[in-house]
Amino acid sequence: MSNYYSQEIHGPYQLINIGNLNLYEGGVIEECFLAISTFGKLNSEKSNAILIPTWYSGTSKIMLDAYIGEGRALDPDKYFIIIVNQIGNGLSISPSNAPEKIHGKKFPKIRICDDVDAQHKLLKEHFKINQLELVVGGSMGAQQTFEWSVRYPDFVKRAAPIAGTAKNSEHDFVFTDTLIEAITSDPAYQSGDYENSKQVSIGLERHAKLWTVMGWSTEFFRAARHQSLGFKDIHDFIANFMIPYFSEMDPNNLLTMAYKWQRADVSLNTEGDLLSALRKIKAKTYVMPISHDMFFTCQDCLAEQKSIKNSQLKVLDSIDGHLGLFGTDSKMMEQLDLYLKDLLLEI
Ligand SMILES: CCOC(C)=O
């Protein structure tokens, strides 16, 4: 059994059992546990909490490594920062670690609103927190950030969705379908009954190649950014970064997250009316797409942002594209910190 989802690799995290989680599509996850990492101290008024949900394939580790630190906008000296691993990412309850009844391919279909309800339960019942200074997340973390702001508008003072939208686009849905098919078309996937993820290496390699095409921009390769990151050429970058990055991950975990990603849609809170959903948002919101993102585009983000009352569009300039989220572009990360520091000013 691979220990990829271990504290040795992902750093310290706590498992908090939030009890039973009733799911949007029906059914329940009993004894639902969330893996969280916290930094800083909750003040006596419980008024300095920041929540960071995680993105597809990511865990709390990358959020700590690339986004949090003294002197950064997300400064543990000032704030109590809770990074919560999304359901299905291998640290929180997931196909790879769930009890037999829902283990592997038996894991239920999860939606973004299920993650947000689980996180809400965690904050209210475990931390006795009733308001968040900020919810900030990238990609699927942005989808959860939007869901938080619509579903619990009085709970969220500020929101910073990075490189993500409130309702997933049709184009994005199909892109994610190709990622899913890359894995499930590998005969070793055996409809989810594989012994261990290593066996599904062909599917995971195809999946990594698609991420190479859409996760980085054409400009990223034209400007030889992969070479400045230490790789000889695009083939070396695929073989020695993109494939190894995904190769340890459990395919059913990735598919659980991909299903959720595809169906992110805050208008599920308002019988399909996206405009009225966006108008429910009270949080001061900075919608922050990455300029060269190939599938959560600036145009898609702008189309939503202009309907959010107390919001601004703050474009993060980077030719790295979507996976600039990994912190590969230091100038983009500096720009992000400036935006977040501005957003966190007293309101
Ligand atoms: C790498 C993060 O991508 C998503 C869709 O969460």
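Visitor: Which residues of helix 4 does helix 3 meet?

Guide: This is a predicted model. On the side of helix 3, the contact involves Ile112, Cys113, Asp115, Val116, Asp117, Gln119, His120 and Leu123. By class, the residues of this contact comprise 6 nonpolar, 4 polar and 4 charged. The partners in helix 4 are Met140, Gln143, Gln144, Glu147, Trp148 and Arg151.

Visitor: How is helix 3 oriented relative to helix 4?

Guide: Helix 3 spans residues 112-126 and helix 4 spans residues 140-151, and their axes lie 9 Å apart at an angle of about 65°. Angles of 65 to 115 degrees count as roughly perpendicular. Helix 3 is therefore, relative to helix 4, roughly perpendicular.

Visitor: What is the hand of the crossing of helix 6 and helix 9?

Guide: Helix 6 covers residues 201-215 and helix 9 covers residues 234-247; their axes come within 9 Å and cross at roughly 120°. This angle makes helix 6 oblique to helix 9. The hand of their crossing is right-handed.

Visitor: How many nonpolar, polar and charged residues make up the contact of helix 6 with helix 9?

Guide: Helix 6 contributes Leu204, Glu205, His207, Ala208, Lys209, Trp211 and Thr212. Helix 9 contributes Ile234, Phe237, Ile238, Met242, Ile243, Phe246 and Ser247. Sorted by class, the residues of this contact are 9 nonpolar, 3 polar and 2 charged.

Visitor: Are helix 5 and helix 6 roughly parallel or roughly antiparallel to each other?

Guide: Helix 5, residues 170-184, packs on helix 6 with the axes 6 Å apart and an angle of about 150°. Angles over 145 degrees count as roughly antiparallel. Helix 5 and helix 6 are therefore roughly antiparallel.

Visitor: How many residues of each class does the contact of helix 5 with helix 6 have?

Guide: From helix 5 come His171, Phe175, Thr178, Leu179, Ala182 and Ile183. From helix 6 come Gly203, Leu204, Arg206, His207, Leu210, Trp211 and Met214. The division by class is 8 nonpolar, 4 polar and 1 charged.

Visitor: How many residues apart in sequence are the parts that the pair Lys101 and Glu30 ties together?

Guide: The side chains of Lys101 and Glu30 form a salt bridge, with an N to O distance of 3.2 Å. Lys101 lies in the loop between strand 6 and helix 3, whereas Glu30 lies in the loop between strand 3 and strand 4. The pair therefore ties together parts whose separation in sequence is 71 residues.

How values were computed:
Residues numbered from 1 in each chain as written. Predicted model: local features only at pLDDT ≥ 70, side-chain atom pairs only at ≥ 80, totals over all residues. Heavy atoms only, no water. Axes fitted to C-alpha atoms, helices over the stretch in contact; angles between N-to-C directions. Helix = DSSP H or I, 4+ residues; strand = E, 2+ residues; numbered from the N terminus. Parallel < 35°, antiparallel > 145°, perpendicular 65-115°, else oblique. Contact = heavy atoms within 4.5 Å. Nonpolar A, V, L, I, M, F, W, Y, C, P; charged D, E, K, R; others polar. Salt bridge = Lys/Arg side-chain N within 4 Å of Asp/Glu carboxyl O. Left-handed = near helix turned anticlockwise from the far one by under 90°.
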